[in-house]
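Here are some notes to read alongside the model, written for someone new to looking at protein structures. Keep the 3D view open and find each residue as we come to it.

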Amino acid sequence: MMRRLRFNGTGSGEGGCPSVHEDLDSREIIVHGPPLTDPEDIAQLQHMGAGEVPIVVPRALITDWGPKDLTREAKIIDLGAFNGLFETFKHTAWRLETRRRYASDEATDTWAQFTRGETPTWDLGTPYCDMIRRQTGQGARVERVRLVDSPATPGQRYLLAHAEKNAALGEDIRNLSRADAQRLHLPGEDFWIFDSRLVVRLNFDDADNLVDVELITEPAEVVRYSMVRDAAWHHAIPYTQFATE
């Protein structure tokens with residue numbers, strides 16, 4: 001079975017070597033870099049088995065990108081603390097939406113309107129809308145990339161319509177095909193990044209209900225999610241163009 005590998009990071013400023021990857025299932029670490037080839041150097045190594053290849057990597061690579069512990073305990077925050085982040089972020093709030101449906105959407109009046117073939121009547125006067133409009137009005141950026149299957153699911157088509165409401169609040173909404181996301185090796189996680197320093201991962205159950213909200217502050221993890229953001233944002237296109245295509 002093919003491993004599910006995640007790129008953690010590289011110690012190279014220009015090229016791609018050396019780098020650290022992590023097996024998402026076994027939690028094994030894969031490091032690649034230039035081989036150690038001098039026979040006198042190799043002769044000093046102990047316990048090197050047949051088929052093993054010694055490689056040389058900077059110490060900083062392991063320090064920066066290797067796991068800091070075997071079992072990182074998730075820091076779960078309540079919805080009040082999560083919502084508070086939208087009040088306190090200073091510059092950017094960015095979201096990746098990866099799911100094929102969100103159960104919470106289907107409990108709304110606008111979902112019922114949408115499924116009847118009507119144009120949803122968006123309420124732009126909620127406290128959340130006022131908060132986002134206030135943030136974007138002060139120059140802060142609120143941005144999202146939404147993945148879309150081919151063909152799009154009903155939930156994804158609803159979000160394409162919902163983007164009209166997001167845009168009215170000053171958000172920048174873009175879409176990316178799931179095929180492109182897979183080609184880019186984007187994770188299947190839903191998350192927000194606030195000011196490039198805090199990550200909030202949204203965890204869902206198999207019925208597409210939000211289960212809990214996990215706050216991530218470890219610098220290496222925040223950088224990894226920021227790399228995902230940059231790749232997704234670079235390849236995504238504005239929702240109006242995506243819907244037309």
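1. **Overall make-up.** The secondary structure of this protein comes to 9 helices and 11 strands. Please keep in mind that this is a predicted model. Its C-alpha trace spans about 75 × 40 × 30 Å along the principal axes.

2. The protein has 245 residues, and 40% of them count as buried. The accessible surface comes to about 14,300 Å², with 53% of that belonging to carbon and sulfur atoms. If you take the contacts between residues at least 6 apart in sequence, 65% join residues at least 24 apart.

3. **Ser 19.** Start with strand 2, residues 19-23, where you will find Ser 19. Is Ser 19 buried or exposed? Its relative accessibility is 2%, so Ser 19 counts as buried, given that buried means under 20%. Setting aside neighbours within four places in sequence, Ser 19 is in contact with Phe 7, Gly 9, Thr 10, Ile 30, Val 31, His 32 and Leu 61.

4. **The cavity.** How many cavities of 30 Å³ or more does the structure hold? There is 1, and the volume of this largest cavity is about 60 Å³. Residues lining the largest cavity include Glu 97, Tyr 102, Arg 146, Gln 156 and Asn 175. Strand 6 (141-148) and helix 6 (154-168) each supply at least two residues of the lining. By type, the lining residues divide into 5 nonpolar, 3 polar and 3 charged.

5. **His 162.** At 16% relative accessibility His 162 counts as buried, because the cut-off for buried is under 20%. Not counting residues up to four places away in sequence, His 162 touches Trp 122 and Arg 146. Arg 146 is also one of the residues lining the largest cavity. Now look along the chain to Arg 183: His 162 and Arg 183 are 21 residues apart, and their C-alpha atoms are separated by 26 Å.

6. **Helix 8.** Helix 8 runs over residues 219-235, which makes 17 residues. From its first C-alpha to its last it reaches 25 Å, close to the 24 Å expected at 1.5 Å a residue. Which residues of helix 8 are buried? Among them are Val 222, Tyr 225, Val 228, Arg 229, Ala 232 and Trp 233. Here is a handy rule for reading such a list: an α-helix has 3.6 residues a turn, so residues three or four places apart point the same way.

Definitions and conventions:
Residues are numbered from 1 along each chain as its sequence is written. This is a predicted model: local features need pLDDT of at least 70, side-chain atom pairs count only at pLDDT 80 or more; totals for chains, interfaces and linings use all residues. Side-chain values use heavy atoms; hydrogens and water are left out. Helices (H or I, at least four residues) and strands (E, at least two) are DSSP runs, numbered from the N terminus. Buried means under 20% relative accessible area, exposed over 50%, partly exposed in between (1.4 Å probe, protein chains only). Contact means heavy atoms within 4.5 Å. The expected span of a helix is 1.5 Å times one less than its number of residues. On a 1 Å grid over the protein atoms alone, a cavity is a set of points where a 1.4 Å probe fits but cannot get out, and a pocket is an open set with protein on both sides within 12 Å along at least five of seven lines; lining residues have an atom within 4 Å of a point. Grid points are joined across faces, edges and corners, and a volume is the space filled by probe spheres set on the points. Ala, Val, Leu, Ile, Met, Phe, Trp, Tyr, Cys and Pro count as nonpolar, Asp, Glu, Lys and Arg as charged, and the others, Gly among them, as polar. Accessible areas come from the Shrake-Rupley method with a 1.4 Å probe; for residues, only the protein chains shown count as cover.
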